[in-house]
Amino acid sequence: MLALCTGICVDAANSAREADQHANVDDMDLKLSGRRVLVTGGNSGLGAAMVRAFAAEHARVAINYVAHPELTAAMATQLRDSAGEVLQLAADVSRADEVATMFAQIDSAWGGLDVLINNAGIDGERALAWEADAAAWNRVLQINLGGAFLCAREALKRMVPQRSGVIINTSSVHEVIAWSGYSAYSASKAGLSMMAKTLAQEAGPYGVRVLCLAPGAIRTAINAAVWKDPDGQQDLISKIALGRVGEPEDVAGMAVVLASGVAGYVTGTSVFVDGGMTDYPAFSHGG
Ligand code: BGC
């Protein structure tokens, strides 16, 4: 009975999604052509989808990566026809020296930056606090939050004097939903939210917007163990009002809109792209 209902709900959600896709960002001119965009962690998962979405808008895209140069090179080759230009920039965002070098490379190629997507991140090993390794805990914070700060700092050095720019942090529903076993990850995502609000206050008077894009459960490698397992997938779907796991393109489409003038009055906030995970659908019964 439950399985039947789940199937019907998923079918309904899929057809709603197909209908929604008729109104996609391809129909709009977001005026991102030629814009200089850096996506950290840009060669996999959500980052790769965002790189593709900006390239489809004919932006110039810099793909930051820390591993798999061959994947990055393959992406760059694929995108060369649509994107204004593609850079491949190796840098560990948690290291200030490597971040500074990466921005110097952007300066010499493009003379500045218009959009920073702070996307690089890890979730870390699942561990209850009293079993967690302190170094592993800190590493999650160093990459997810410290790395985003280092990149934002370099970006703002350029955006504030040019009096324009957009910084989007990829946070998560876990900036507001607690997640047992992932205290470092959840703390880093909540931290990204408050950092965005604070930087938005600082940079707003200079015409620079800073915000978070907060995805829910999106089908990428980071959570493949869950959505590839039928029980895991069913549990995940029970937590999503729209009854389906998101696709990277759901997030990437919103990233390009938020980076564009369409969202020119949006700053210091988080935009949730979560199919209603933060709507707590478990409360559709009981409570
Ligand atoms: C995590 C995913 C998880 C989702 C919903 C995301 O931030 O990266 O692994 O499925 O949150 O819990």
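Biologist: Which residue forms a salt bridge with R95?

Modeller: That's E98, and the closest N and O atoms of the two are 3.6 Å apart. Bear in mind that this is a predicted model, where local features need pLDDT of at least 70, side-chain atom pairs count only at pLDDT 80 or more, and totals for chains, interfaces and linings use all residues. Residues are numbered from 1 along each chain as its sequence is written, and side-chain values use heavy atoms, with hydrogens and water left out.

Biologist: What makes R95 and E98 a salt bridge?

Modeller: The term asks for a side-chain nitrogen of Lys or Arg within 4 Å of a carboxyl oxygen of Asp or Glu. R95 and E98 have theirs 3.6 Å apart, so the pair passes. Side chains of opposite charge can pair when their charged atoms come close.

Biologist: How many salt bridges does this rule give?

Modeller: The count comes to 10. One of them joins R139 to D92, with the closest N and O atoms 3.3 Å apart. R139 lies in helix α5 (residues 134–162) and D92 in the loop between β3 and α4 (96–110), so this pair ties together parts that are 47 residues apart in sequence.

Biologist: Why is D92 called buried?

Modeller: Buried means under 20% relative accessible area, exposed means over 50%, and partly exposed is in between (1.4 Å probe, protein chains only). D92 has 16%, so it counts as buried.

Biologist: Let's turn to the strands. How many bridges join β2 to strand β3?

Modeller: There are 6, and the two strands run parallel. Helices (H or I, at least four residues) and strands (E, at least two) are DSSP runs, numbered from the N terminus. Two strands pair if DSSP finds at least two bridges between them, so β2 and β3 with 6 bridges qualify. Within that pair, V61 stands opposite V86 in β3.

Biologist: What makes the unit of β2, helix α3 and β3 right-handed?

Modeller: With the strands pointing away from the viewer, the path from the first strand over the helix to the second has to run clockwise. The unit of β2, helix α3 (residues 69–79) and β3 is right-handed.
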